Amino acid sequence: MATQKEHTGLTGGQECILEPLCFPEHQGASNSLAFPGEGCRVFCVLCSHSLPLSDKDLLLKHLVLEHKLVIADVKLIADFSKYMLYWKKRFTEQPITDFCSVIKTNSEGPAELQENYFLLCDALPEDRILREQLQQKRLEDVLEQQQKERDDTRFQRTCMFCNEVFTGNRSGLLNHMAREHSFSIGLPDNIVYCTEFLDTLEQKLDNLQCLYCEKIFRDKTTLKDHMRKKQHRRLNAKNCDYDRFYVINYLELGKTWEEVQSEDDRELLEEEEDDWSDWQARPLCAVCLFCEQQEETMEKIYTHMQEAHQFDFHKLKTNLCLRFYQQLKLVNYIRRELHHCRCYGCQRTLDTKEEVLQHMMEEGHVMQLPELSHWDQPQYYFPTYENDALLTALSDSESDPEEVARSAEVPVYSEDVSSLRALKQTSVLNTLLK
């Protein structure tokens, strides 16, 4: 028999476990979402016994001990009072065994020790439909209340931190506390029962209680210093007492905002893990330095520039021993000069880019670069065109076979080790070690 929660504050009588036990995340927190101000009485479904809604656990114990009736997943019932009234009426119309599963305890023992318990749960279609209807009605009521608070222009309240008075709409006060005092309880449109929410927070502060760690302090000055220094101007997310003030907690009864958010995160991860094997990227097109010609490979664009414009980039790179960042600067320099309709060989400026290209071909300035110091400047680290694919294909000249061969011809002289004793005696390490 493990379907409802044990009430630990009872005295006298027989103790019973009505639900699997769990350690509470926050002492005194409630697992159910109740409308603020609910104080109606709840009637037993099988007799005239009634208790206030706040004593629901006592009523559940009464059902078990007096009537052997267990209601499963009580915390998932949106409106417990209406739920009990519905089944009180139905049990007068038909026998309880038509609705409840019968569980026989001590089935292998003596007959006098055997007892029949009745389990009412959502495995019964009628019970499941009732729970869903109560949940839907609760959500509609909460959204209606939230809309009223959004449209309310008679709101008036004093800031709990600076005593500034705000009138008109609640969003003014909430945004002020977030902006001026770094205290945010969430977006105004995500909050319901805002007045009671603020009353709860102010009561905690009046009781000299920190809103985050919930410790009690001796005076307001100490409390303010603590919340400021410890950055405790925020709510304790594990305190379930705040759950009823957030609309997200009414979307799926029985799930906290953290569980709903984790499900959303898992859905995003599943979407990210989709198979992208059939996705084809657009080919990378490099643009010629001198015209609008585009090619899908670097070799094609290099060939085009050599044949159409007599510009041999590989030759320049080899002759000048250009390193990677020098190549980068050279490309950006040439593109910028041509963009300004200026010949980079003689610095002559013409009216159009076409006139510059014609001038460079006629004068033979295509392969004529100015002094290295003129274009090997930090300003040309930055691309002239931010989507210049030509820059992504540049490589260090050391990877070229000719450059590697040239570097192999440089002689390397080994250290003179003919007299190791003399080296040890004259080594600078001896002085450093002393």
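A residue is called exposed when its relative accessible area is over 50%, buried when that area is under 20%, and partly exposed in between. In this predicted model, K148 counts as exposed because its relative accessibility is 51%, whereas E144 is partly exposed, with a relative accessible area of 46%. These two residues form a salt bridge in which the closest N and O atoms are 4.0 Å apart, and, since they stand four residues apart in helix α3 (residues 125-151), about one helical turn separates them.

**Salt bridges**

Side chains of opposite charge can pair when their charged atoms come close. Searching the whole structure gives 19 salt bridges, and the table sets out some of them.

| Pair | Closest N to O distance |
|---|---|
| E144 and K148 | 4.0 Å |
| R218 and D219 | 3.5 Å |

E115 itself counts as partly exposed, at 35% relative accessibility. In the pair formed by R218 and D219, R218 counts as exposed at 71% relative accessibility, and D219 counts as partly exposed at 27%.

In soluble globular proteins, nonpolar side chains tend to be buried together. The largest nonpolar core of this model has 33 residues, and those that touch the most other members are L289, F290, Y302, F311, I334, Y344 and M360. Two or more residues of this core come from each of the elements α8 (298-309), α9 (313-320), α10 (324-339) and α11, and α10 gives the most, with six residues.

**A charged patch and a loop residue**

What residues form a negative surface patch? The patch is made by E292, D351, E354 and E355, and of these E355 is found in helix α11 (residues 353-363), where E355 is partly exposed with a relative accessible area of 35%.

Q293 lies in the loop between β8 (286-287) and β9 (294-295), and Q293 is likewise partly exposed, its relative accessible area being 31%. Although Q293 and H304 are eleven residues apart along the chain, their C-alpha atoms are separated by 8.3 Å.

Note on methods:
Residues are numbered from 1 along each chain as its sequence is written. This is a predicted model: local features need pLDDT of at least 70, side-chain atom pairs count only at pLDDT 80 or more; totals for chains, interfaces and linings use all residues. Side-chain values use heavy atoms; hydrogens and water are left out. Patches are made of residues with over 30% relative accessible area and no salt bridge: like charges are joined within 9 Å, nonpolar side chains (Val, Leu, Ile, Met, Phe, Trp, Tyr) within 5 Å. Accessible areas come from the Shrake-Rupley method with a 1.4 Å probe; for residues, only the protein chains shown count as cover. A salt bridge is a side-chain nitrogen of Lys or Arg within 4 Å of a carboxyl oxygen of Asp or Glu. Lys and Arg count as positive and Asp and Glu as negative; His and the chain ends are not counted. The place of a charge is taken as NZ of Lys, CZ of Arg, CG of Asp or CD of Glu. Buried means under 20% relative accessible area, exposed over 50%, partly exposed in between (1.4 Å probe, protein chains only). A nonpolar core is a set of buried Ala, Val, Leu, Ile, Met, Phe, Trp, Tyr and Cys residues joined through side-chain atoms within 4.5 Å.
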